[in-house]
Each structure stands twice: as C-alpha cells, then as structure tokens.
Amino acid sequence: MSSFALLLGALALGYLFANRQWMPSSAPTVLNAWVIRIALPALVLVQIPKIPFRPELLFAAAGPWMVALGACLIVPLMGRMLRWDRGRTGAVLLTCGLGNTAFMGLPMVQALFGHEAIGTAVIADQLGSFMMLSTLGVLIAAVFSGQQIQARSIALRVVLFPPFIALIVAVLVGAIGGWPVWIEPVLSRLAETLTPVALFTVGFQMRFGDVWRLRTPIGAGLTWKLLAAPALVLGAGAALGITGDLRDITVTQSAMAPMITAGIMAADAKLEPPLATAMLAAGIALSFLTVPLWTLLL
C-alpha cells in the first residue's frame, strides 16, 4: 500500500507543481535527464546481474514488440475507417504502440509485484519498449511526417543510450559474478530515486485541456493500448505455455499508459501535437485504474 501511495503522491505533486508554477516549465528536461542518465542506468546495473538467464525471459522482451507491431496493423485500419489524416494516424500509432514501461511501468510493477519483479520489468523496458522506440518509433515518425530515414542515426541512438550501455555492462558483470560489495549499495541508492522523480515528472507534464475535444481518436487508441494489447500478450503467453510472474509482469508492462517519449516524438514530428499530449494525459490517468484491474484478472 505504501508503494502505491508513493506512486499517486509523486504524480499528484508533479501535477500540483505544474499548475501552481512552482517550478519552471523546463523542469521536466532536467528531471528526465536524471532519470534516463542516472537513476534508470543504476537500476539496470543493480537488477540485471541478479537475474539468472532463462530462455523464457525473451517473452518479457517480446511483449512490447507485440503491442507495437499489433498497433501497426490495427491503427492504420482504424484511421481509414474514421477518416483520419496522416498526422492523426501517426500520433495515435506512436503513442498507443509504445508503452510507458520505464517511468510508470517500473514503479507500478514494483508496487504490484514486489522489488524482485523489477529485473523482468527492466528486460521488457530495455529490450522491448526502448528498442521499439529507437527503431520502429523513429521509422513511424519519419514516414508519417515525410522525413528522411537514416539508419546510422537510429543505430547510434540505440548504442549510445545510457540505459542500454548500462544493460550491456550489467550482463557482463553478471557473467563474472556480480558487483563488489561496496559498489552495489551506492547504485541501489541512486536507483531508489527513479520512482519519485519519474512520476513527479509524469505528473508535471499531464495536460487534460484537449481530452474531451479529441475523445474519438483518444478512445480508439486507448482501447488498443490499455485493453486489447495486453489481451493479445496474455493470449500469446497462454499459447506459449508462459505462466506465473513472468506472464503477469509482461502483461502488466504491456498494459501501461502511452510512452511520454513517444508523445514528445510525435509532437516534434508535427503529428497533431495536441492529440499526442492529450493521449498521454488520458492514458496515464486511466492506467491507474486499468493496470491494477489487469493484475487482479491475472
């Protein structure tokens, strides 16, 4: 219960600080840098060496890929049926094909399943959502905005991303037996900042002004992201014989709200920025209801 109180409290504080203008509007840039360059790499470095590799763990990485690739099939069909333009289709595809498996997923998985579940959740985030963002996400933004696609820039983005570098280091450290006893406590203390800082940042960036006006594309996109996509992953797990915490954590990560970074990418690519922002706000708010319901169902 205390973990969930921390989630809601940090989110509410971020929203309050933004509404009261108690911090500058540029604050999320600084806070995101802390999360991405320090807290998340520290968490990866602590958790990954502790996970004994099993082939089944590939299912955790595959979950976000199923969500994104499924969206690539479903969202364009919805767009044609509802007569969306390219900008609207691209915005819905980016925001509802990629989940917030880091900023929201890791804290919520910890609250729902305990600290020992973080390692599996990190695999879903790094080998799933991040890889999708850095490859398919960039491709979607380029195609729907008419930009040129540069394979070299995509490859550099993946290789130089701090959490991905931390993932490679963590795998090597795990192979040689883990960290020295004096290093792990330092990394753990840095990793503990992830939950409050990440969710404060999410709350700070939530905007609800356009949600009702854009309710049709938001409703269509979130029906996929919060309901149909996790059902797809659950069905795939049943077909593959995946059970227990691995299945539950992967489905939970697949049910997370739209990814903030994907929304920012959509806005930067001029893919209907108001829709991208409203989709994030509505998705984050609704996910606090739908994610625990998925957990109860599992």
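What radius of gyration would a compact globule of 298 residues have, and what is the value for the chain? A compact globule with that number of residues would have a radius of gyration near 19 Å, and the chain, with 18 Å, agrees with this expectation. The model is a predicted one.

**Overall architecture**

The chain contains 14 helices and 0 strands, so that its pattern along the sequence reads α-α-α-α-α-α-α-α-α-α-α-α-α-α. Taken along the principal axes, the C-alpha atoms fill a box of roughly 60 × 50 × 45 Å. Of the 298 residues, 53% are buried. Among contacts with a separation of 6 or more, 87% are made by residues 24 or more positions apart.

**Helix packing**

Two packed helices are described by the angle between their axes and the distance between the axes.

| Helix pair | Angle between axes | Distance between axes |
|---|---|---|
| α5 (residues 105-113) and α6 | roughly 155° | within 9 Å |
| α6 (residues 118-145) and α13 (residues 260-268) | about 25° | 10 Å |
| α13 and α14 | about 165° | 8 Å |

At roughly 155°, α5 and α6 are above the 145° limit and are therefore roughly antiparallel to each other. Their crossing is right-handed. Leu106, Val109 and Gln110 of α5 form the contact with Ile118, Ala121 and Val122 of α6. By class, these residues comprise 5 nonpolar, 1 polar and no charged.

Helix α6 also packs against α13, at an angle of about 25°. This angle is under 35°, and the two helices are therefore roughly parallel to each other. The crossing of α6 past α13 is right-handed. On the α6 side, the contact involves Leu133, Gly137, Val138 and Ala141, and on the α13 side Thr261, Ala262 and Met265. This contact has 5 nonpolar, 2 polar and no charged residues.

Helix α13 in turn packs against α14, with an angle of about 165° between the axes, which makes α13 roughly antiparallel to α14. In this pair the crossing is left-handed.

**Enclosed helices**

Which helices are largely enclosed by the rest of the structure? One of them is α10 (residues 194-204), because 10 of its 11 residues are buried. The buried residues are Leu194, Thr195, Val197, Ala198, Leu199, Phe200, Thr201, Val202, Gly203 and Phe204.

Helix α12 (residues 244-254) is likewise largely enclosed, since 9 of its 11 residues are buried. The buried set consists of Leu246, Arg247, Asp248, Ile249, Thr250, Val251, Thr252, Gln253 and Ser254. Elements covering these residues include α3 (58-82), α5, α6, α11 (215-240) and α14.

Ser129 lies in helix α6. Is Ser129 buried or exposed? Its relative accessibility is 2%, and Ser129 therefore counts as buried under the 20% cut-off. Apart from neighbours within four places in sequence, the residues in contact with Ser129 are Pro64, Leu98, Gly99, Thr101, Ala124 and Met259. The C-alpha atom of Ser129 is separated by 22 Å from that of Leu293, a residue 164 positions away along the chain.

Most residues other than glycine have a negative phi. With a relative accessible area of 66%, Lys270 is exposed.

Glu272 is found in the loop between α13 and α14 as well, and its phi is also positive, near 45°. Here the relative accessible area is 18%, and Glu272 is buried.

Notes:
Residues are numbered from 1 along each chain as its sequence is written. This is a predicted model: local features need pLDDT of at least 70, side-chain atom pairs count only at pLDDT 80 or more; totals for chains, interfaces and linings use all residues. Side-chain values use heavy atoms; hydrogens and water are left out. Axes are lines fitted to C-alpha atoms, for helices over the stretch in contact, and angles run from 0 to 180 degrees between N-to-C directions. Helices (H or I, at least four residues) and strands (E, at least two) are DSSP runs, numbered from the N terminus. Angles under 35 degrees count as roughly parallel, over 145 as roughly antiparallel, 65 to 115 as roughly perpendicular and the rest as oblique. A crossing is left-handed if the near helix is turned anticlockwise from the far one by less than a right angle, and right-handed if clockwise. Contact means heavy atoms within 4.5 Å. Ala, Val, Leu, Ile, Met, Phe, Trp, Tyr, Cys and Pro count as nonpolar, Asp, Glu, Lys and Arg as charged, and the others, Gly among them, as polar. Buried means under 20% relative accessible area, exposed over 50%, partly exposed in between (1.4 Å probe, protein chains only). The radius of gyration is taken over C-alpha atoms; the globule rule is 2.2 Å times the number of residues to the power 0.38.
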